[in-house]
Amino acid sequence: MNDLLHLRLDGLHERHPGLTQALGQSYAEAASVCFSRHHEPPVTVSLKHAGNDERRVVNFAVPDARVRNAHANEIDATETGAYGVSLAAVEAVAGLVAVRRAETLTGADWYIAHDGTEIEDLESCIRLEVSGINAGLSSDIKRRLREKVAQAARGKSNLPAMAAVVGFKVLEVAISPLGDAE
């Protein structure tokens, strides 16, 4: 595990200009709750994208009772944790960072762009649709990815899009641009 690169959930706001410190911390907390349902830190996560399968180490704080209580709703925690893991994953594999939350009906959750891009308008952005799965198999991740790519395609936007699905139990993040989901 020592030779693997890390997938950093801490300090997301420092690298993603569309996140506040509080939001980034909430995403990291929720991800720690989701991972800790099934695993002890550190974990090795598989990042599947563009035909590649990269393995990254994720260190997360073991959540105490207060953090677990704050993220006790499994559905909300899984969604919130998936935002943090997905944003860290697209940053790691493609150099893309969150620049703004997407509006309703765009078929996406976030606008992302290459790190360092000046964002005066959204023309240089990509829409990112995110989903999380608490438990399940790799086949469930692939199925959900196809659904999320289709959702992004139906969105009311002409910007390019991609989807990311986080499987907390299977330690997998699948990322696909529109039209490439398996």
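## Exercises around strand S7

Both faces of S7 are covered: Ala 161, Ala 163, Val 165 and Gly 167 are buried on one side, and Met 162, Ala 164 and Val 166 are buried on the other. Keep in mind that this is a predicted model.

**Exercise 1.** Find out how many residues of S7 are buried, and how they are divided between its faces.

*Solution.* Start with the general rule: in a regular strand, side chains alternate between the two faces of the sheet. Next, apply the cut-off, under 20% relative accessible area for buried. Seven of the seven residues of S7 pass. Ala 163 belongs to one side and Ala 164 to the other.

**Exercise 2.** Work out which strands pair with S7, and in which sense.

*Solution.* Take S6 to begin with: S6 and S7 are parallel, with seven bridges, and Glu 129 has Ala 163 as its bridge partner. Then turn to S8, which runs antiparallel to S7 and is joined to it by six bridges; here Ala 164 is partnered by Ile 175. Finally, look at the hairpin of S7 and S8: four residues lie between the strands, and Leu 171 has a positive phi near 55°.

**Exercise 3.** Explain where the buried residues of H5 sit around its axis, and what they pack against.

*Solution.* List the buried residues of H5: Ile 141, Leu 145, Lys 148, Val 149 and Ala 152. They lie on the same side of H5 because they cover an arc of only 105° around the axis. Residues three or four places apart in an α-helix point the same way, since there are 3.6 residues a turn. The buried residues of H5 pack against S6, S7 and S8. To finish, trace S6, H5 and S7 in order: they make a right-handed β-α-β unit.

Key: Residues numbered from 1 in each chain as written. Predicted model: local features only at pLDDT ≥ 70, side-chain atom pairs only at ≥ 80, totals over all residues. Heavy atoms only, no water. Buried < 20%, exposed > 50% of the residue type's maximum accessible area, 1.4 Å probe, protein only. Helix = DSSP H or I, 4+ residues; strand = E, 2+ residues; numbered from the N terminus. Arc of directions from axis to C-beta. Contact = heavy atoms within 4.5 Å. Pairing = 2+ DSSP bridges. Right-handed = clockwise from strand over helix to strand, strands pointing away.
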